[in-house]
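Please read these notes with the model open beside you.

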Amino acid sequence: MSDDRTPPPNVWPTLRATDARALITFLVDAFGFVEVAVYGDGDLVEHAQLAWPEGGGVMLGSDRRDASPWNLKPGTSGCYVVTADPAALYARARAAGAEILQELHEADYGSQGFAVRDPEGNLWSFGTYRGEPRPV
């Protein structure tokens, strides 16, 4: 039986970080992710879950360079995140010191958004585009 607070199924990008605790702080402060769970001792983060207030989220952990099948290289991920208010999020990210890669703009297909790089090197694009309707 599931808890009523458990989110519906969706896609969760995953990241590895050289300093996972610092990346968690950045993602919370700069973008508004909500820290839901962080497991690990000291500087090691075995698993962290950050919720996106508008749905979904990201999972991340410390780079462990071991034989794990989930051995992603830090700073090589890219995520697109849907937001209803890209202008406010842009201002928040800029104020938090995010490296702006693409200024807030209107795309040809009607989305408003921007792109940044986090301190680990991951690319983040935020915009209003929610995708095309699914086929029936």
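Is E99 buried, partly exposed or exposed? E99 counts as partly exposed, because its relative accessibility is 40%. The cut-offs are these: buried means under 20% relative accessible area, exposed means over 50%, and partly exposed lies in between (1.4 Å probe, protein chains only).

1. **What you are looking at.** This is a predicted model, where local features need pLDDT of at least 70, side-chain atom pairs count only at pLDDT 80 or more, and totals for chains, interfaces and linings use all residues. Residues are numbered from 1 along each chain as its sequence is written, and side-chain values use heavy atoms, with hydrogens and water left out.

2. **The sheet.** Find the open sheet of 4 strands, in the order β5-β8-β7-β6, with mixed pairing. Its edge strands are β5 (78–82) and β6 (99–106), and each pairs on one side only. Neighbouring strands are turned by 15° against each other on average, direction ignored. Strands here are DSSP runs (E, at least two residues) and helices are too (H or I, at least four), numbered from the N terminus. Two strands pair if DSSP finds at least two bridges between them.

3. Strands β7 (residues 112–117) and β8 (residues 123–127) run antiparallel, paired over 5 bridges. Look for F114: its bridge partner in β8 is F126.

4. **The helix on the sheet.** Helix α2 (residues 86–95) packs on the sheet and touches β6, β7 and β8. Contact means heavy atoms within 4.5 Å. The direction of α2 makes about 160° with that of β6. Axes are lines fitted to C-alpha atoms, for helices over the stretch in contact, and angles run from 0 to 180 degrees between N-to-C directions.

5. **Salt bridges.** The structure holds 3 of them. Each is a side-chain nitrogen of Lys or Arg within 4 Å of a carboxyl oxygen of Asp or Glu.

6. **R117 and E99.** In this salt bridge the closest N and O atoms are 3.2 Å apart. R117 sits in strand β7 and E99 in strand β6, so the pair links distant parts of the chain, 18 residues apart. R117 is partly exposed, at 29% relative accessibility.

7. **E46 and R64.** Here the closest N and O atoms are 3.6 Å apart. E46 lies in the loop between β2 (34–39) and β3 (47–51), and R64 in the loop between β4 (57–62) and β5, so the pair ties together parts 18 residues apart in sequence.

8. **R94 and E103.** The closest N and O atoms of this salt bridge are 3.0 Å apart. R94 is partly exposed at 41%, and E103 is partly exposed at 42%.
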